[in-house]
Amino acid sequence: MSNVNMEATNILPILKKKLAFLSGGKDRRSGLILTIPLSSDQTSMEELSATLDYLLSIPSEKCKARGFTVIVDGRKSQWNIVKTVVLMLQSCMALVSCYCVGRIVGK
């Protein structure tokens, strides 16, 4: 992910897919909550990366300094996609916490 300021109009078709969103909520440390609801048809890490670039450019530097709690909802996705997203997040942003929600399927 790059640190380029961008406008929503530049990536509006991608934003309409709702690949990730800032809910407006905060964690106990006043860090922002970012939710990534993965789906089975989501395969473009480039689009997710562009969405995250945009969303992470919105908060002030003061808010960014508190870090983010990220909720990766993988209930409608495959584990390898969830894992790829978590690794991408770890390499590019200051996470306070990262929660993964998934399905547990019995054998």
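User: How many salt bridges does the structure hold?

Analyst: The structure holds 3 salt bridges, a salt bridge being a side-chain nitrogen of Lys or Arg within 4 Å of a carboxyl oxygen of Asp or Glu. This is a predicted model, in which local features need pLDDT of at least 70, side-chain atom pairs count only at pLDDT 80 or more, and totals for chains, interfaces and linings use all residues. Side-chain values use heavy atoms, without hydrogens and water, and residues are numbered from 1 along each chain as its sequence is written.

User: Why is the contact of Glu 47 with Lys 17 called a salt bridge?

Analyst: The closest N and O atoms of Glu 47 and Lys 17 are 2.9 Å apart; the limit is 4 Å, so the pair qualifies. Glu 47 lies in helix α2 (residues 45-57) and Lys 17 in the loop between α1 (12-15) and β1 (21-26), 30 residues apart, so the pair links distant parts of the chain. Helices (H or I, at least four residues) and strands (E, at least two) are DSSP runs, numbered from the N terminus.

User: What makes Asp 73 count as buried or exposed?

Analyst: Buried means under 20% relative accessible area, exposed over 50%, and partly exposed in between (1.4 Å probe, protein chains only). Asp 73 has 16% relative accessibility and therefore counts as buried. Its salt-bridge partner Arg 75, with 2.7 Å between the closest N and O atoms, counts as partly exposed because its value is 44%.

User: How do you know whether Glu 61 is buried or exposed?

Analyst: Glu 61 has 59% relative accessibility, so it counts as exposed.
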